[in-house]
Amino acid sequence: MIYRLVRYVDTRTGQAPVLKKLLRYVFPDHWSFLLGEIALYCFVILVGTGIYLTFFFDPSTQQTIYHGAYEPLRGREMSEAYRSVLDISYRYKAGLLIRQTHHWAADVFLVAITLHVLRVFFTGAFRKPRELTYYAGVLMLALAMFEGFAGYSLGDDLLSGMGIAIAYSVVMSLPVFGANLALLIWHGPFPGTTEFFSRLYIAHVLLVPIAIAVLLTIHLVTIVFTHHTQFRGPRAREGNVVGIPLWPGYLFRSLGLALAVAAVLFLLGGLVQINPVWEWGPFEPSQSTNGAQPDWYLGWLIGALRLMPGWEPHIGHYTLIPNAFWGGAFFPTVVFGFLFAWPTLERRITGDRGYHHLLDRPRDAPWRTAVGVGFFTWVGMIFFAGSSDRVFVQTNIDYESQVHVYQALVFVLPFVAAWIAKRVCEQLLRSEAHPLRGPGGGRVRRTPAGGFERQSAGKTFSE
Amino acid sequence: MRGAPRLLPRRQAPRWAELAVLWALLLAAAAAAAFIAVYALGADTQWLGLLLGLAFALLAVGSVVTGKALVPQEQKEEERRSLDHDMDDLDIAVYVQEADEGITRSRLLKSAAGAAGLTVVGALLVPLASCGPFLDVEQLRRMAWRRGRRLLDDAGRPLRADEIAVGAMVPAFAEGVDRKRLDASLIVVRLHEADLRLPRQREGWAPHGILAFSKICTHAGCAVSMFRYPLFSPKVPKPALVCPCHYSTFDPARGGKVIFGPAGRPLPQLPVTVDERGELRAAGRMSGPVGPSWWGVQEG
Amino acid sequence: MRRLALIVLLLALPATASAQSHGRQLFLEGCASCHGFDAHGVADVGPDLHGAGASAADFYLRTGRMPLDVATGEQPLRSKPEYGESDIRALVHYVGSLGGPPVPEVHPERGDLPEGQSAFTTYCAGCHQIMGEGGVVTGAVPPPLKDATPTQIAEAVRIGPYLMPAFDEQQIDRRTLDSIALYVQRVVKHPPDRGGWGIGHIGPIPEGMVAWLLAGGALLFVSRLIGERTER
C-alpha cells in the first residue's frame, strides 16, 4: 500500500530520489541538538492555539460595559478586546485552556530558544558555513520577543497596558525622530486610538508569524544544505556525519519530543495559571499596580530601565537622550549587535576562516567561552536586577541598596566571570593533555564541576 | 561516498517495548476520550488540561519507545559533500555579467534602475504616512490644564480643598477632558505648609499645602500611584511620590524633584487655587511637559 | 427600678475603673518606654498617643505591629500579637480614653464588589498590588493583605500606618470602605484562580520560574532521555 502511494506521488512529481535521500538523512543525535526542535514545536503549538483564539478575540478598543460571569468586574467599562479575553476565559469551555496553553507556549518557546542560542554559541556552531543559519536564528529570537510582547498586550489589561505605555516612552525616546515615530504608530499621543490596536493585532497574528515562518524555513533549509554539526567522537570527524537516519529512528524520536512538548504545554495550560487578566482589571492610563513586570524574556529590559541613573542631557531646546532610551533601545541594540557581529568578530580575531563541522566543547575555545560567559553574565545580572523589588519583599534587603550594588557590579562581575571561565577551560584542557597519574598508575582527570575522577584503571597496591 | 548504515545488533524487538507502546497508545486514546466527555459535561479547565496533557504524554512515550527500542536501531555514517564549488561560483558570476555585453551605457542604466527602483518603493511606502500625525509633534505639548479649569475627583465630582487632609493622596482629573489623556490626570497630595520647599517662582502654587502633580511619570509613562507619607517622622523616609514601574521617586515638598530612580525630569506641578466655593481649580499651566521625555522636550 | 439601676451602676463602676487601670498598668509596663509615661510621646522615639484613638491601638496591637520588635524608624511588621484578647481590650480602652477615633465599624456584606475592585485599583493597588500580594515603595514594603480582617483594613485606611497615606471619610466614604473590605474578603483572600495553581498572583516573575524550572526542566529531562550523550 505504501508502495502504491509512493508510486502515485513519484509519477506525478518525479521526486522519489529526493524522498529516498530524505528518509535516509542522517541526524547526529546528541541531546543538546534537540533544543532547537523544542522551540520549533512550541512555535507549532503557538500557531495552532493562536488560530483558535482569533476565532474569539475582538481587537477593538471600543468601550463596552461588562455583564459576564466574573462578578468583580460586572458593570465596569472596558474595551471590547479586554471583554473578549474575559469571555474566552470565563465563557467558552476550553477557552481558558487554549489561552493559557498559548501563553505558556510563548514563555517556553523563548526558554528553548535561549538554551539553544547558548548551546550554539558555546559550541561554535555559528562558524562557517553556518552563519546564515545563525543570523536567521538571531532574527527569530528578536521577533519572538516582540511577538510575545504584542500577544500579551492585546488583552488590554492593567499589567500589559502599563507595558505598552513603557514601549511608547521608549519609542518617544529615540533621538530626533522618536516622537514622530510614536505618533505614527499610535495614531496620535498615547493611549492612541483603536487603529493602534488593529496594527498590534495584525502584526501579532499575520506579519510577525509570516516573518518567523520565512526565517524558520531559511534556518532549516540552510541546516539541510550544510548538514548538522556534531561533536568529535571515535568515528565522527570533520568530513562525515554520524548519527541516526530520519526513518525510522529519528522520526519517532522527534515525534516523541513534539508530543512531549505538547504534553508539557497542555498540562501547564490547564493546571498552572498564567496571566489571569480578570484579576488585573482593565487598563486605564491613570492607573497602575505594584509588581507589574513584563513576561520573563523582557526582564532584561526592565532591569536596564530600572538600573539606569536619571541622566537626561539637554542642549538648548532639545532633550538629547531621554532616559528611557538607554534601557529600552540602546541596551537591546548593543546585545543584539553583539550577537549578530560575533561570527565575524571571532573570525577576525582568530583568523580562522575554515569550515567547521565539528563542534567545540566550551573548554576547547577558552577565549570564546570567556567572552560568552562575560557577556551573558552582564545581561543576566541586569535581568536579575529587574526583579530586585520582589527580592526586597522576600528578604528585606532594601531596594535602593540593591540598585546601587547592581549598578556597580554590572561593570565588575562580567569580567570576573569571564576570567574564571577562561581559567576553568584552560585547567580542564591541561588536565586532559597532561593527565594526572593516580597512585596505582591510572589516569586521573579534572571534571567540569571541579573535582577529580579516575579515567582509566591502574594497578592497585595489591597487584 | 555514502556509508552503509550500520545496524546495531539486531534482535527481536523486545516484548516489553511492544507492550509498552500498546498500552501507551490505548491509554492515550482513553485520556483523549475522557477529555471529550469532560468538555461536553461542564469543562473544568484543570481536568481538560490534565487529560489532554496526559494523552499527549502517553503518545510521546509510545513514540519514543518505538524510536529507541522497537524499530531497528541503526547508526549511519555518511560523508559530507563539499560546499566549495569555486569554479561553478565563478561561472555563475561570469554568466551573469555577460548580459552586459554590447551595452554601452551599462553603468548609467544600472544607476537609473537603482534610482527608479528606490523611488517606486518609496512611493509604495508613502501611504504609511497616513498611519498617524507624525509631523504634528506639537500635539504632544497640548495641555488639558489652563487657568480656571476645575479639578474633579475619581467619582467625577469637583474636588474641594477641605476634603483633602494632610497626608492624603487624591487622584484627580481635568473637568471636561477625556480621562485617558496623559495630560488630564493628576495626583494631589497635601503636606504641612511649614514643610514646603518650593522653588521661589512657585510661591502660591500650593494653597494650604495642597500640591497637584501630573500623575504620569516622566520616565516611561506609568501612573505614579504611590505616595509615602510618614505617620511619625524621625528617621523615616520623607514624603514622596513613587512610581511603581521603575521606582522613580519625586519630592513633592520641592516641587516634584527627582530624588531616586531613572526619571530624568521632575514631575510636572500644576499651580492650584481654591475658588470662592472651596473647589480646587488650576491657577495656570503645568510647570513642565507631561509624560515621558522626547527630543523636543524643553524643561523650564 | 431606679434603685436597681443605681446598684448596677455602682457595681459597674469599679469594673470600668479597673479596666482602665489595668490598661494603664499594661501601658506603663509595655509601651511607656517609647510613648512616654503620660502617653505624650518621646522625641524621636515614639509618637504622642493623645488623639490616636482606640482605632490605632486596636490596629497596632491586634496585628502585632506594636510592641515594636524592630529598631525605631524601621517598618513595623505584622506578627503574632504579644498580648491576649483581654489585655488588648484593656489597652485599647485606655488609649481610646486619651481621645481619638473609635474602632471603625465596617460591613463588607453591605459593600458592592465591582465598586470595591475599582476603588482598590485606584487607591490601593499602586502599593499593595492589585491582588493584595504586597509590594514595594522606596523605603518600605506595603504588606500583603490576606491576613487582614475587615476591621484592620478599615483601621489602616483611616490611620495611614508608617508610610501609608491616610484616607478619611471625605475621600473614601463608609460605603466605599465596605466595598474595599469586601474586595479583600472575597478576592484577595479567595483569589479566583480559574486557571489552576495561582503561583503568587503577581504575574510574570513566578510564571517565568515555572517556564524555566518546570517546563524547561521537564523538557531537558525528556531531551536527555531521547538523545544520546557524546560518544566516548
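Two residues are in contact if their C-beta atoms, placed from the backbone, lie within 7 Å. The exercises below concern a predicted model.

**Exercise 1. Determine what share of the contacts in chain A, between residues at least 6 apart in sequence, joins residues at least 24 apart.**

Solution. Step 1: take the contacts of chain A whose partners are at least 6 apart in sequence. Step 2: of these, 68% link residues at least 24 apart. Step 3: for the setting, chain A contains 16 helices and 11 strands, and its C-alpha trace spans about 85 × 70 × 50 Å along the principal axes. Of its 463 residues, 50% count as buried.

**Exercise 2. Decide whether F196(A) is buried or exposed, and name the residues that it touches.**

Solution. Step 1: locate F196(A), which lies in helix α9 of chain A, residues 194–226. Step 2: apply the cut-off, by which a residue is buried if 20 or more other C-beta atoms lie within 10 Å of its own. Step 3: F196(A) has 20 other C-beta atoms within 10 Å and is therefore buried. Step 4: leaving aside residues up to four places away in sequence, F196(A) touches I185(A), W186(A) and H187(A). Step 5: from F196(A) to L184(A) the separation is 12 residues in sequence and 9.3 Å in space, C-alpha to C-alpha.

**Exercise 3. Describe how helices α1 and α2 of chain B pack against each other.**

Solution. Step 1: identify the helices, α1 with residues 15–40 and α2 with residues 45–70 of chain B. Step 2: their axes lie 8 Å apart, at an angle of about 160°. Step 3: angles over 145 degrees count as roughly antiparallel, so α1(B) is roughly antiparallel to α2(B). Step 4: the residues of this contact comprise 25 nonpolar, two polar and one charged. Step 5: the crossing of α1(B) past α2(B) is left-handed.

**Exercise 4. State how many residues chains B and C bring to their contact, and characterise the side of chain B.**

Solution. Step 1: chain B contributes 28 residues and chain C contributes 27 residues. Step 2: in chain B, α2, β4 (169–174) and β7 (226–228) each supply at least two residues of the side that touches chain C. Step 3: sorted by class, that side of chain B holds 19 nonpolar, five polar and four charged residues.

**Exercise 5. Find where in chain A pLDDT stays under 50.**

Solution. Step 2: over residues 458–463 of chain A, pLDDT stays under 50. Step 3: for these residues the model has eight contacts beyond four places in sequence.

How values were computed. Residues numbered from 1 in each chain as written. Chains lettered and ligands numbered in written order. Predicted model: local features only at pLDDT ≥ 70, side-chain atom pairs only at ≥ 80, totals over all residues. Axes fitted to C-alpha atoms, helices over the stretch in contact; angles between N-to-C directions. Helix = DSSP H or I, 4+ residues; strand = E, 2+ residues; numbered from the N terminus. Parallel < 35°, antiparallel > 145°, perpendicular 65-115°, else oblique. Left-handed = near helix turned anticlockwise from the far one by under 90°. Nonpolar A, V, L, I, M, F, W, Y, C, P; charged D, E, K, R; others polar. Buried ≥ 20, exposed ≤ 12 C-beta atoms within 10 Å, placed from the backbone. pLDDT = per-residue confidence, 0-100.
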